[in-house]
Amino acid sequence: MQPVEPTRAAPATGGTGDTGSATPVVSFDGVLAAAEALAAHLVPTPTWRYAALSDAVGRDVVVKHENMNPTGSFKVRGGLTLAASLGADERRAGLVTCSTGNHAQSIAFAARLAGTRAVIVMPHCAPSVKVDAVRALGAQVVLEGERLPDASAHARALAAESGMRFVDPGNEPAMIHGHATVYLELLQAHPEVEEILVPIGSGSGAAGACLVRDAIAPNVRVVGVQAMGAPAAHDSWAGDAEVARPAETRVSGLATGCGFATPQSILRGARGSAGNAGLAAFELVTDDAIDNAAHLLGVHARTLAEGAGAASLAGLLTRAAGTNVAGTAGVVITGGNVSVDEWKRLANR
Ligand SMILES: Cc1ncc(COP(=O)(O)O)c(C=O)c1O
């Protein structure tokens, strides 16, 4: 299997940029190695069909429950894979990163297992339930800045001062490999799936989905979904360079303010340096559509999805309404760490 060597485009203004070290190498072999390493810590998450949900969408839908993972989201796969790749010096130095919540919990969880220290810089907009969960996992939390790009700048400065290993929330090949294992499990268990909807913040999960699709199911369409009020990944994908955009969304997992070079080089497909098929389409959805999807998942799939976790279903509903696409769709509930505000909105619907 040929490794893919994405471009190292300069970070967008206010962005999180890249890791600043050697060219990252992302490959399907890396995904397989991640799956093997993760088997020691995680069980495959369940996939189910819910007849009433498929009826509501008007398509056959397979739902994958990544909200059932420890830490409550698919991100734990990335943190564990990254921790497994650390050298002895990095372990000694400890990890520093930035996040609005789920990547933070993933790194805190993985650092604890690896016996290393983690400092997580979180913006003030991060839901308190996620901040508390990170602390409970033993990581040090630093609250800095209003939005993720401010927290990112602070985390980089901390890493430069302290010598700790900066973990880039979107550009780390090991994390992309870990996140890709979601889609390896999905496509291996459900070869009948014709289209997969993937929520996008940095795009690391969607890049993983594309890597797996290219290797084992080349006819499957991977469709990205992002919040309309935070379209940095969408606009970076639609153009040729990573761009910064406002992150005006209630959905914390999707509130990234800039494109990330490594995933974008895969998501752009033939236009990107990886030369693969990339995303077939990219849906932008409103926060209200995401709430509606979370409600449907609660009612028909009896499961709790946070906004980012419900975004894939919101994208599917938008797509079902606007296009003639048919066939079995795979929807991944990427997280279930619902904030107090989300609980209230869901309860009052
Ligand atoms: C629950 C959830 N879903 C989706 C995403 C977006 O993932 P990515 O940053 O890999 O695009 C995130 C990001 O934190 C998340 O927490």
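Which residues come nearest to the ligand? In this predicted model, they are N102, G201, G253, T334 and G335, out of 20 residues around the ligand.

**Around the ligand**
- Three helices each supply at least two residues of the shell: helix 5 (102-114), helix 9 (204-216) and helix 13 (307-322).
- Helix 9 gives the most, with 3 residues.
- Sorted by class, the shell has 14 polar, 4 nonpolar and 2 charged residues.

**Helix 12 against helix 13**
- Helix 13 also packs with helix 12 (residues 287-300).
- Their axes are 7 Å apart, and the packing angle is about 100°.
- Angles of 65 to 115 degrees count as roughly perpendicular, so helix 12 is roughly perpendicular to helix 13.
- On the helix 12 side, the contact is made by A289, I290, N292, A293, A294, L296 and L297.
- On the helix 13 side, G307, A310, A311, L313, A314, L317 and T318 take part.
- The residues of this contact divide into 11 nonpolar and 3 polar, with no charged ones.

**Residue L143**
- L143 sits in strand 5 (residues 140-143).
- Is L143 buried, exposed or partly exposed? L143 counts as partly exposed, because it has 13 C-beta neighbours inside 10 Å. The buried class needs 20 or more, and the exposed class 12 or fewer.
- Leaving aside neighbours within four places in sequence, L143 is in contact with M122 and H124.
- L143 and T323 are 180 residues apart along the chain, and their C-alpha atoms are separated by 43 Å.

Note on methods:
Residues numbered from 1 in each chain as written. Predicted model: local features only at pLDDT ≥ 70, side-chain atom pairs only at ≥ 80, totals over all residues. Near = placed C-beta within 6 Å. Helix = DSSP H or I, 4+ residues; strand = E, 2+ residues; numbered from the N terminus. Nonpolar A, V, L, I, M, F, W, Y, C, P; charged D, E, K, R; others polar. Axes fitted to C-alpha atoms, helices over the stretch in contact; angles between N-to-C directions. Parallel < 35°, antiparallel > 145°, perpendicular 65-115°, else oblique. Contact = placed C-beta atoms within 7 Å.
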